[in-house]
Amino acid sequence: MNVMNFLNYLISGISLGSIYAIIALGYTMVYGIAKMLNFAHGDVIMVGAYICFFVMSGLSSAALPPFAAPILGTLVAMVVCTVLGVVIERLAYKPLRQAPSLAVLITAIGVSYFLQNAAQLLWTSSPKYFTSVVGNAQLTLFDGRLTISAVTLLTIAVCIIIMLALTTFTNKTKMGKAMRACSEDKGAAQLMGIDVNRTISVTFAIGSALAAVAGVLFMSAYPSLTPTTGSMPGIKAFTAAVFGGIGSIPGALLGGLLLGIIETFARAYISTELSTAIVFAVLIVVLLVKPAGLLGKTVREKV
Amino acid sequence: MLKVNDINVYYGAIHAIKGVSFEVNDGEIVTLIGANGAGKSTTLQTISGLLHTRTGSIEFMGKNIVGVPPHKVVAHGLAQVPEGRRVFLQMTVEENLEMGAYTRPNSEIEAGIADVYQRFPRLQERRRQIAGTLSGGEQQMLAMGRALMSKPKLLMLDEPSMGLAPILVEQIFDIIRELNRAGVTILLVEQNAQMALSIAHRGYVLETGKIVATGSGEELLEDEAVKKAYLGG
């Protein structure tokens, strides 16, 4: 086994895993608070990627300082996705707050197909070629035996920043603490004066803004953009969230990273075709041994 | 202060509260006693806005609060310590108290926490601990401290003695009396009728969703029917 290759795979695995982790945060936070699986989350990624794509190509001929177009594109994508996430929650999920969870699940799948088909109608199904937000710059180490692309480094850095920011938010701010309170006991949270509906909206807003970021990073690494682009990373990130323990923010990070690394190694050392199957096989084994996921909490209540 | 007038609450087809009316005056300790399933907790949850009445009114300080969402009821000065305490088990003691002050301006929180620690020194010792690691009695204190953080005019307590050792029950009831002396009006729901009636100014007996008796604490303690049904003889 070549050490440099191994390192290379490991770093790409961490980078891919970072994207899964950022998406998984959206699933896990929404699940933690609204106790629902938002299967439309993956498609919000796709919408974010399209928005960023259009902003960047619209600005391509303008004389702007370097990186102005990608930064602007990402910001606009985040704003649009935030609004989209909040609107989806308000129109599709909020009326079902008291409904059985199966009804909510089916609705989420419906929203997912709605977004995919709306995107197809608006932007056609022919793939768009997404230009990486940081170009093709590379970092070369060990006399050229190890090259790491700028996208890879950017992805890992962004993931670290998001994790730190989110941890600070949930532990230090009033809204963040209210979110934790709601995820534990909505009734008691209401008795404290916490507006549960507003807290759920904020959760969707944060998750969807992160989905936009993940979309931009994912497309920078895998540039072919179509209306169904979001579904595969979406479903894998959902797997990562379950893997790490759904509802847990550190679990989303751990699950995402492990999933990315396992997938990359499986592709490199075992089989490209089987890599996805191997990922899901690992998930099944983990859930057999630890049904709550790696960092999932088994709820114990004192009466 | 609180005037509940002819409320009817249903769980689906089950008629849980059948035309209940009662009132709590400023400065009183009023208790609702009754057996399991009589509708005591349902009544409190309806006052807090978590459940809805189909008829009647609930007036708090002269304002009808029927239909006010639960997170806004607190801001009116009406706090509830729910049955089973329901502290946030994965949050620290101090974070639980901060949540209690959710409707208060940030500038008041520090002083509020200091007040609670003065009343419950145990909580100060454990301020950085996760609430799930507290004993049942400590969790009850935390639940009460948390409710006090909202500076309530009326504090509703749902089964504060539940699951606690007799010595702790005494302690909790002492605290309730102290709070009342400090100016907090109390509405106390209890299965432990003996304890509840001994500290209450007035009481109501609830039976399968209806009020069947009322009187001062002493009167109800002496009432033959109440004695027979709730005081073990």
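**Salt bridges and spaces**

Mentor: Start with a pair in one helix. B:Lys227 and B:Glu224 are three residues apart in helix α10 (residues 224-230) of chain B, so about one helical turn separates them. Helices here are DSSP runs of H or I with at least four residues, and strands are E runs of at least two, numbered from the N terminus. This is a predicted model, where local features need pLDDT of at least 70, side-chain atom pairs count only at pLDDT 80 or more, and totals for chains, interfaces and linings use all residues. Residues are numbered from 1 along each chain as its sequence is written, chains are lettered from A and ligands numbered from 1 in the order written, and side-chain values use heavy atoms, without hydrogens and water.

Trainee: What N to O distance does the salt bridge of B:Lys227 and B:Glu224 have?

Mentor: Side chains of opposite charge can pair when their charged atoms come close. A salt bridge needs a side-chain nitrogen of Lys or Arg within 4 Å of a carboxyl oxygen of Asp or Glu. For B:Lys227 and B:Glu224, the N to O value is 4.0 Å.

Trainee: Is B:Glu224 buried or exposed?

Mentor: Buried means under 20% relative accessible area, exposed over 50%, and partly exposed in between (1.4 Å probe, protein chains only). B:Lys227 has 24%, so this residue counts as partly exposed. B:Glu224 has 57%, so the class is exposed.

Trainee: Which residue forms a salt bridge with B:Glu95?

Mentor: B:Glu95 is buried, at 11% relative accessible area. The closest N and O atoms of its salt bridge are 2.9 Å apart, and the partner is A:Arg180.

Trainee: Why does the pair of B:Glu95 and A:Arg180 join two chains?

Mentor: B:Glu95 lies in helix α3 (residues 93-100) of chain B. The pair joins two chains because A:Arg180 lies in helix α6 (residues 174-184) of chain A.

Trainee: How far apart in sequence are the parts that B:Arg126 and B:Glu138 tie together?

Mentor: The closest N and O atoms of B:Arg126 and B:Glu138 are 3.0 Å apart. B:Glu138 is buried at 7% relative accessibility. B:Arg126 sits in the loop between α5 (121-125) and α6 (136-148) of chain B and B:Glu138 in helix α6, so the parts tied together are apart by twelve residues.

Trainee: How many salt bridges does a search of the whole structure find?

Mentor: Some salt bridges share partners: B:Arg122, B:Glu125, B:Arg126 and B:Glu138 form one network. Over all chains, the search finds 17.

Trainee: How much space lies in the largest cavity?

Mentor: On a 1 Å grid over the protein atoms alone, a cavity is a set of points where a 1.4 Å probe fits but cannot get out, and lining residues have an atom within 4 Å of a point. Grid points are joined across faces, edges and corners, and the volume is the space filled by probe spheres set on them. The lining includes B:Thr46, B:His52 and B:Val68. The space is about 60 Å³.

Trainee: Which elements each supply at least two residues of the lining of the second largest cavity?

Mentor: The second largest cavity holds about 40 Å³. Its lining includes A:Leu191, A:Met192, B:Gln80 and B:Arg146. The elements are β6 (78-81) and α6 of chain B.

How values were computed:
1 Å grid on protein atoms, 1.4 Å probe; cavity = no way out; pocket = protein on both sides within 12 Å on 5 of 7 lines; lining within 4 Å.
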